[in-house]
There are 4 protein chains.
Amino acid sequence: MAESIGFIGLGQMGSAMAANLLSAGFAVRVYNRTPERAKPLVDRGAILTASPEQTATPGGIVVSIVSDDRALEAISTDALASALGKGGVHLSMSTVSPETTRRLAPIFASHGATLIAAPVFGRPEAAAARKLWICASGPAGAKQRVRHVFDAMGQGVFDFGEEVGAANVVKLAGNFLLTAAIEAMAEASVLAEKNGVSREALLEMFTQTLFNCPIYVNYSRRLIDADFDRVGFPIPLALKDMRLARDMASASNAPLPILSLLCDRYVSALAKGRANMDASAIALGAVDDANLKWD
Amino acid sequence: MAESIGFIGLGQMGSAMAANLLSAGFAVRVYNRTPERAKPLVDRGAILTASPEQTATPGGIVVSIVSDDRALEAISTDALASALGKGGVHLSMSTVSPETTRRLAPIFASHGATLIAAPVFGRPEAAAARKLWICASGPAGAKQRVRHVFDAMGQGVFDFGEEVGAANVVKLAGNFLLTAAIEAMAEASVLAEKNGVSREALLEMFTQTLFNCPIYVNYSRRLIDADFDRVGFPIPLALKDMRLARDMASASNAPLPILSLLCDRYVSALAKGRANMDASAIALGAVDDANLKWD
Amino acid sequence: MAESIGFIGLGQMGSAMAANLLSAGFAVRVYNRTPERAKPLVDRGAILTASPEQTATPGGIVVSIVSDDRALEAISTDALASALGKGGVHLSMSTVSPETTRRLAPIFASHGATLIAAPVFGRPEAAAARKLWICASGPAGAKQRVRHVFDAMGQGVFDFGEEVGAANVVKLAGNFLLTAAIEAMAEASVLAEKNGVSREALLEMFTQTLFNCPIYVNYSRRLIDADFDRVGFPIPLALKDMRLARDMASASNAPLPILSLLCDRYVSALAKGRANMDASAIALGAVDDANLKWD
Amino acid sequence: MAESIGFIGLGQMGSAMAANLLSAGFAVRVYNRTPERAKPLVDRGAILTASPEQTATPGGIVVSIVSDDRALEAISTDALASALGKGGVHLSMSTVSPETTRRLAPIFASHGATLIAAPVFGRPEAAAARKLWICASGPAGAKQRVRHVFDAMGQGVFDFGEEVGAANVVKLAGNFLLTAAIEAMAEASVLAEKNGVSREALLEMFTQTLFNCPIYVNYSRRLIDADFDRVGFPIPLALKDMRLARDMASASNAPLPILSLLCDRYVSALAKGRANMDASAIALGAVDDANLKWD
């Protein structure tokens, strides 16, 4: 009989990941605040439940990927923890602050269960293609226990040790790194265009040579095509992550000027009415300042 | 009989590139301000000359790679241009401002010769391994004519059209991009270390996944090992390039905050006595601000 | 018989202000978390109470000046509001976010009382000398009613209207302005000193001419004398205020680069172990970056 | 008989200053590149000359106030120096780099004359009203000798010693300080307006209290009225000064983040077509970023 697994949070990412669990042969019990989003999964055999805790089986595994710290807190209740019980694992894959993860872990521990932080890198297409990169932290035994679940969703797992917040630190640092790369490409593009070289010529060269890696290759296409309305990751969520990074930086006495700049760029994007654009539209800040138009 | 080629500028980069021309079978006539540096090349058959113009043969090719705009101006004389004469090509591979290139091109044109800008990406090891990436701009015919010379020195050429300064624009934009990547990695590392994750764990993950490209792979090693005293590219030269980029940005009405930050970081590095460190030591700015020590 | 007035919060500022109320002839009922600090006031006739609400008289006035938003929330209870009751006024003089003020006002309104925001400008010496500048916002009638209390503590009141958070906005904007002035003086001083002009000569000229106003005159003395250990306003509190300003900016879509810089400067000051220094020690950031020593 | 004095440079500032010299009873010999600008002075008795050196009398005083370093170099010739000769003084009141002043001083010294740097603070109205503040540096004897000339043009002189570039350092630092104050007021205004407080209410309070000094009082009026088209000091000249300050900072290893920001703000203003606005329009950068409109 198939192993039963719980899944909470059916946004673009979660839906694709849960589908992969179904494909891998798991029996998946799903929960989402707006249950309508579960339909495609239910059509494929998933069972829709009425509460987060109903996704759990005693000693089983529940995966969650929700929109922010508050949503994660809302599901990380004693009800869920006791439904999981001894040996159970809550695999928390949302992008949240390490602080939140550290605060929630004892709730699960007090019921004999374990919270594992396992945020992911990859946009919805990567999730659908089982190409996510997963960062994991928390007790070694529990990470070992969920290894086959990771394998059903991602192309690789990086282990950041037993301190449960560590993977969240890495995730926020990674979102910072990729946003910084977009801003840098935008500034380089503006510099080039103001001096007679198209951003296409510039970025195509660099993404074939020094910067031939996914972040530069993928986002340079966005910049070249001014393709910001097709939303993979909306600006308000991107700003949320930059703020989590900044708050973490600030609380740990780490002054980081590019991080501050990126926050201000997103804040400006919202001021300019770009809430419905993709996060890569942060590039338009440098474009506006130089009074260029990208169409 | 071997084609004779002139070569001006025998720094770390130039010496490796001239050696490759010898290896490729060219007869190489070299000039350097301090002639002692020519010895290894002379031992391998190069001919040492007493002036830039003596490296030229009528209608031939002279390659130059010198330290800055002033040094390029000093060799780009009517004497050199007339020694090259009709059909001759000055292949200018230094990192200089596009403005300088544009100002010098007519000197060569007035003698029937052509100036081609062809700055390169790659550190001395890459130059020795014939792995340079070359950006070229200038008249198409002349670029075609020097194609075999490019092939003897690099692994690929990108053509940025006939406007002679264009390749210099790309080179400066590229140096900006890679320096921004180092600063971003430094900030991400500080953020991680202040929150319990080593920069090694962090950077190894990203350079195997989202950022698995030469700039991130190579420079992350420098940061992880705090390997700043082994100098591939000294800070004063790196600052020179950032200033050229900033002056170009400023003159063309392009306000670029990360570029400004990088200039200030290098200025601070000099204030702190780091003139003899590698350019990657720009990373220490974020480290100092956070009061960390990297050993 | 003397009018009775409540006073909550006996830090450096509050103690000086309560003393002025005594001097003006009010009967003052005080409360402080650590009651020992009330001794000098009790010696002068103040009555020490055991809770915030015991400072209140029905329909009377209670002044509070506490350390942060959380402390203000802790005292702004239904107990205090109902002790004040109909016609009572809570004069809230702390530096807090406008959001907090807006959230607490209805608690008082629900008991017929009124919350007035009235943060002040001035260091403890100014408070003692009755030289505070007071910014007030909230219902006009209540502001009118406490006018004589303002007069006993400050040299002037500026009315920012009926929206109760407005005065908090002004206070945070003012702290930003004065911190920006210190940073600017620090940068100008570094520029001068690196080029052969002492910061004393520089700042004395400007504070006698273009910038002959209290902020520049007072803080330039701190910079000239490198007098940062005598604490009027400790760095952690200054950072708290900059963060409130930044959060307010961020929430209202206002990207402000100098504000971001000032936050990072204070964060760096804490990283460097300067928690016990005066807020004016933010100046040392520019000094460190330039590798100068100010003694 | 009236003392004869030379005057070179009849821009808005120079014309007002030369007029004051006439009013003070000097015989003034003027020179300007575009001689038409001399007409009002000639009408009042000034003598128009055909070259800078013709303004000089042996052992006399020549005042100059020209637009930039290049213009100062163009007039600071051996011809002018020898026309001044032994005991003569060139009173250089332009805003230029200290480096330029230091390089030009020996030209005068070699003819027995003396160069004094004496840049001024004040807009054209202040010049007309004899309200300039003058910063002076150079040999003490020469400064003493021109004291009565200073008195005819300004309300006060600050002596920065014998190193001739010192006064230029102070002038550039001062322009930085005042531009930083405008940017800070702009950011504070944006913060206030995004949170329900008008910039007028905000700035009027601060300019009556903590910041009741000329720079804040005068420029806050500009911001409140969005009065940027009435040009006292055009943006291109303001940017020129910020660049001189930045180049000086950079050459002396002084990394100054607000200075870098101000340069970028002016560069952006030019990109946006604001070359004909007053320098105070730097404020519009923060306004644009926040998507406000100031009319």
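The legends below describe close-up views of a predicted model.

**View 1. Strand β4 of chain D, covered on both faces.** Strand β4 of chain D spans residues 61-64, and both of its faces are covered. On one side lie Ile61(D) and Val63(D), on the other Val62(D) and Ser64(D), and all of these residues are buried.

**View 2. The strands that pair with β4(D).** Strand β1 of chain D, made up of residues 4-8, pairs with β4(D) in the parallel sense over four bridges, and here Gly6(D) stands opposite Val62(D). Strand β5 of chain D, residues 89-92, also pairs with β4(D) in the parallel sense over four bridges, with His90(D) standing opposite Val62(D).

**View 3. The interface of chain B and chain D.** Between them, chain B and chain D bury about 1200 Å², of which 46% is on carbon and sulfur atoms. The contact draws on 17 residues from chain B and 16 residues from chain D. Across this interface the rule finds four residue pairs in polar contact, both residues of each pair being at pLDDT 80 or more, whereas it finds zero salt bridges.

**View 4. The side of chain B that touches chain D.** The elements of chain B that give two or more residues to this side are α12 (235-251) and α13 (257-271), and the largest share, seven residues, comes from α13(B). Sorted by class, the side of chain B that touches chain D holds nine nonpolar, four polar and four charged residues.

Definitions and conventions. Residues are numbered from 1 along each chain as its sequence is written. Chains are lettered from A and ligands numbered from 1 in the order in which they are written. This is a predicted model: local features need pLDDT of at least 70, side-chain atom pairs count only at pLDDT 80 or more; totals for chains, interfaces and linings use all residues. Side-chain values use heavy atoms; hydrogens and water are left out. Buried means under 20% relative accessible area, exposed over 50%, partly exposed in between (1.4 Å probe, protein chains only). Two strands pair if DSSP finds at least two bridges between them. Contact means heavy atoms within 4.5 Å. Buried area is the accessible area (1.4 Å probe) that two parts lose on being put together, summed over both. A salt bridge is a side-chain nitrogen of Lys or Arg within 4 Å of a carboxyl oxygen of Asp or Glu. A polar contact is a pair of N or O atoms within 3.5 Å; within protein, one must be able to donate a hydrogen and the other to accept it, and residues adjacent in sequence count only if both atoms are side-chain atoms. Ala, Val, Leu, Ile, Met, Phe, Trp, Tyr, Cys and Pro count as nonpolar, Asp, Glu, Lys and Arg as charged, and the others, Gly among them, as polar.
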